[in-house]
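Subject: Structure handover

Hello,

My notes on it follow below.

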Amino acid sequence: MAAPRIHLPQPLEAGQTLTLPTEAARHVQVLRLQPGEALTLFGDPARGGEWRARVRSMGRRDVTVTVEAHAAVEREPARAVHLAVGMPANERMDWLVEKATELGVASLQPLLTARTVLRLDGERAARKVAHWQAVAVAACEQCGGNRVPVVHPVRPLADWLADPARTALGAGVWLSLAPGSAPLPAWGAAHGGPCHVVLGPEGGLTEAEEAALARADLVPLSLGARTLRSETAALAALACLTLGQLQPGVAHTDASV
């Protein structure tokens, strides 16, 4: 059985003995690991990869581990794909964050759009973002990813489009149902660099929002004729761009829907 993976975002070194932070310690205690048992630490901001470690001691509150060796292994997609999504309602955003992390999303930008059902601001928005970031961490612990995607603070679509930092995310596209939209798989095959993908919420983007995307030089693309839920379309697009292929007949979308 593979050693349990624990996210520990701090510099590490071989031979170091350290006390795990509260959340990481609780995770080890829940797993009922015993002194001498192996675990894997990841999240080192300086070196990336992952570290082999062993439990040194288990207390009621404190857990200490000894760091043994570094492995420069990464399991990220060759292409960095950033998702900007009109937040789906209820628990669907949790599911989207989890599955997108498993597929190797580089970052997630929750968006407020005209038809967004989930309306968040202030402290409530901050709590939600912290929760989604924790979901991403847990997904990385499970799937083997060593780079936890950043879940950015909630922003209105117009504000995010106007931010010059957005262009550093690579080429921009949005998922569209408009007739004549180019197929995303073909676009992905022709554009190998990083990119960002915009998707609307359950009700889709308005004509005014799509016009704003076009003015910001984002390209309308389609995954086909089917109307998918927004979170399904997001994952279909991400899989297409990170895994390089989808099975014939898989289509998009209500997402840009």
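Predicted model: local features only at pLDDT ≥ 70, side-chain atom pairs only at ≥ 80, totals over all residues.

Val154

By that numbering, Val154 sits in the loop between strand 8 and strand 9. Is Val154 buried or exposed? Its relative accessibility is 17%, and buried means under 20%, so Val154 counts as buried. Setting aside neighbours within four places in sequence, the contacts of Val154 are Met87, Gln109, Pro110, Leu112, Leu120, Ala125, Val129 and Trp132. Ala216 is 62 residues away from Val154 in sequence, and their C-alpha atoms are 20 Å apart in space.

Which strands pair with strand 7? The pairings are as follows.

- Strand 6 (residues 81-86) pairs with strand 7 in the parallel sense, over five bridges. His82 stands opposite Ser107 of strand 7.
- Strand 8 (residues 150-151) is parallel to strand 7 and pairs with it over two bridges. There, Val150 is the bridge partner of Ser107.
- Strand 9 (residues 155-156) also pairs with strand 7 in the parallel sense, over two bridges. In strand 9, Arg155 is the bridge partner of Leu111.

The largest pocket

The largest pocket holds about 270 Å³ of space. Its lining consists of 13 residues, and those nearest the centre are His7, Glu23, Ala24, His27 and Glu141. Strand 1 (5-7), helix 1 (22-30) and helix 3 (122-143) are the elements that give two or more residues to this lining. Which element gives the largest share of the lining? Helix 1 does, with five residues. Sorted by class, the lining has eight nonpolar, two polar and three charged residues.

Two loop residues with positive phi

Arg32 lies in the loop between helix 1 and strand 3 (38-42). Its phi is near 60°, a positive value in a residue other than glycine. Arg32 counts as exposed because its relative accessibility is 68%.

Asp217 is in the loop between helix 6 (207-215) and strand 13 (219-222). The phi of Asp217 is near 70°, again positive in a residue other than glycine. With 65% relative accessibility, Asp217 counts as exposed.

Cys240

Cys240 is part of helix 7 (residues 230-243). At 7% relative accessibility, Cys240 counts as buried. Leu223 is 17 residues from Cys240 along the chain, and 9.2 Å separates their C-alpha atoms.

Regards

How values were computed. Residues numbered from 1 in each chain as written. Heavy atoms only, no water. Pairing = 2+ DSSP bridges. Helix = DSSP H or I, 4+ residues; strand = E, 2+ residues; numbered from the N terminus. 1 Å grid on protein atoms, 1.4 Å probe; cavity = no way out; pocket = protein on both sides within 12 Å on 5 of 7 lines; lining within 4 Å. Points joined across faces, edges and corners; volume = space filled by probe spheres on them. Nonpolar A, V, L, I, M, F, W, Y, C, P; charged D, E, K, R; others polar. Buried < 20%, exposed > 50% of the residue type's maximum accessible area, 1.4 Å probe, protein only. Contact = heavy atoms within 4.5 Å.
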